Amino acid sequence: MNHTVLCLFLGIFTAFPLSAQESDNVESPRLKGRRAWFVYSSMPEGLENPVSVMSGKDISQVLLSKLSPSVPVKVPADGVLRIVREIENPKDPEKPEYLTLAKAFVPETVNLAMIILMPIPENPKGLLFKTKVQDLAGMKGGDTMFLNMTNLKIGIELGREKFLVAPGKSKIHNPLGTKKSVSLPIRLSFFHPERKEWDMITASTVALYSTRRELCIFNWDSRFNRVDFESITFPMID
């Protein structure tokens, strides 16, 4: 784990200014009803940002950030949200067509959703991201969601607790109890399939607060042949 990534992890989990997070990037008083926020683990090369989000027939520009969620987007009646790119319509140049870069379905039972965008190799259909929809009602203040998007076992040591996150799975953990904040040592590791032993990703101390939720996404960095991760802070929403 390089120094830059480690500093990012520490900064987000300990000292990110909550007041800045609770700006219009998180909540919009003009938007009511079912809403969704976008976060991403990494940005595919060549993708424009802000991106175009299609909700029903409406298209809005949404700026994606690695540090915090986007502005909220209205979830349409069918629950389908798409990130799209305008392309030329050879049959009618006056009416543009749209190429779908990512597609997410928000179930009818979910009112507040976090849509996690994770890059995939470009395919003939034009998709650049796979998506995971997280019901924010299932994440309370102080929760940390560990999302393992690798093919390896991830080991978490948080304070005195130890637990595993299986490949492709997620785990939500909250060690706060009745406290409003807590600082704990944390150690992240992955199980090396060839050496049959645990390799440390990083170790540090984290501060968790009841006023926000944390998301830690593990992915495989093919450039350096190692497990990497991204961390995102998501404040509580009224």
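Modeller: What follows starts with the model as a whole, moves to that sheet and its serine, and then sets the rest of the fold beside it.

The model is predicted, and its average pLDDT is 83, with 86% of the residues scoring at least 70. Residues 1-29 are the part to set aside, as pLDDT stays under 50 there. The model does have 74 contacts beyond four places in sequence for that stretch. Where pLDDT is low, the predicted coordinates should not be read in detail. The secondary structure comes to two helices and 16 strands. Of the 238 residues in the protein, 45% are buried. Among contacts between residues at least 6 apart in sequence, 61% join residues at least 24 apart.

Now the sheet itself. It is an open sheet of four strands in the order β3-β2-β5-β6, and the pairing is antiparallel. Strands β3 (58-62) and β6 lie at the edges, each pairing on one side only. From one strand to the next, the twist averages 35 degrees.

Strand β2 pairs with β3 in the antiparallel sense over five bridges. In that pairing, Val51 stands opposite Val62 of β3. The hairpin of β2 and β3 has two residues between the strands, and Gly56 takes a positive phi near 65 degrees there.

The serine you mention is Ser52, which is in strand β2. Is Ser52 buried or exposed? Ser52 counts as buried because its relative accessible area is 17%, and the cut-off for buried is under 20%. The side chain of Ser52 has a polar contact of 2.9 Å with the side chain of Gln61. Leaving out residues up to four places away in sequence, Ser52 touches Ile59, Ser60 and Gln61, along with Arg82, Ile83 and Val84.

Beyond its neighbours within four places in sequence, Ile83 is in contact with Phe38, Val51, Ser52, Val53, Leu99, Thr100, Leu101, Ala102 and Leu117. The largest nonpolar core has 22 residues, and Ile83 is among the members that touch the most others, together with Phe38, Val53, Leu81, Ile115 and Leu117. At least two residues of this core come from each of β1 (35-40), β2 (51-55), β5 (80-87), β6 (97-105) and β7 (112-119). In soluble globular proteins, nonpolar side chains tend to be buried together. A second, separate core has 20 residues, including Ile156, Ile186, Leu208 and Val227.

Another open sheet of four strands has the order β4-β1-β7-β8, and its pairing is mixed. Its edges are β4 (73-74) and β8 (129-135); each has a single partner strand, so one side of each is left without a neighbour in the sheet. Strands β7 and β8 pair in the antiparallel sense over seven bridges. Ile115, one of the core residues named above, has Val133 in β8 as its bridge partner.

Further along the chain, two places are worth a look for reference. Leu184 stands opposite Val206 in β14. Four residues lie between the strands of this hairpin, where Lys196 takes a positive phi near 55 degrees.

The other is Thr150, in the loop between β9 (144-148) and β10 (154-158). Thr150 counts as buried because its relative accessibility is 4%. Its side chain makes a polar contact with the side chain of Asn148 at 2.7 Å, and the side chain of Thr150 also reaches the backbone nitrogen of Leu152 at 3.1 Å. Not counting residues up to four places away in sequence, Thr150 touches Pro167, Gly168, Phe218, Asn219, Trp220 and Val227. Val227 is also listed in the second core.

To return to your serine: Ser52 sits in β2, is buried, and has its side chain in polar contact with that of Gln61.

Terms used: Residues are numbered from 1 along each chain as its sequence is written. This is a predicted model: local features need pLDDT of at least 70, side-chain atom pairs count only at pLDDT 80 or more; totals for chains, interfaces and linings use all residues. Side-chain values use heavy atoms; hydrogens and water are left out. Two strands pair if DSSP finds at least two bridges between them. pLDDT is the predictor's confidence in each residue, from 0 to 100. Contact means heavy atoms within 4.5 Å. A nonpolar core is a set of buried Ala, Val, Leu, Ile, Met, Phe, Trp, Tyr and Cys residues joined through side-chain atoms within 4.5 Å. Buried means under 20% relative accessible area, exposed over 50%, partly exposed in between (1.4 Å probe, protein chains only). Axes are lines fitted to C-alpha atoms, for helices over the stretch in contact, and angles run from 0 to 180 degrees between N-to-C directions. A polar contact is a pair of N or O atoms within 3.5 Å; within protein, one must be able to donate a hydrogen and the other to accept it, and residues adjacent in sequence count only if both atoms are side-chain atoms.
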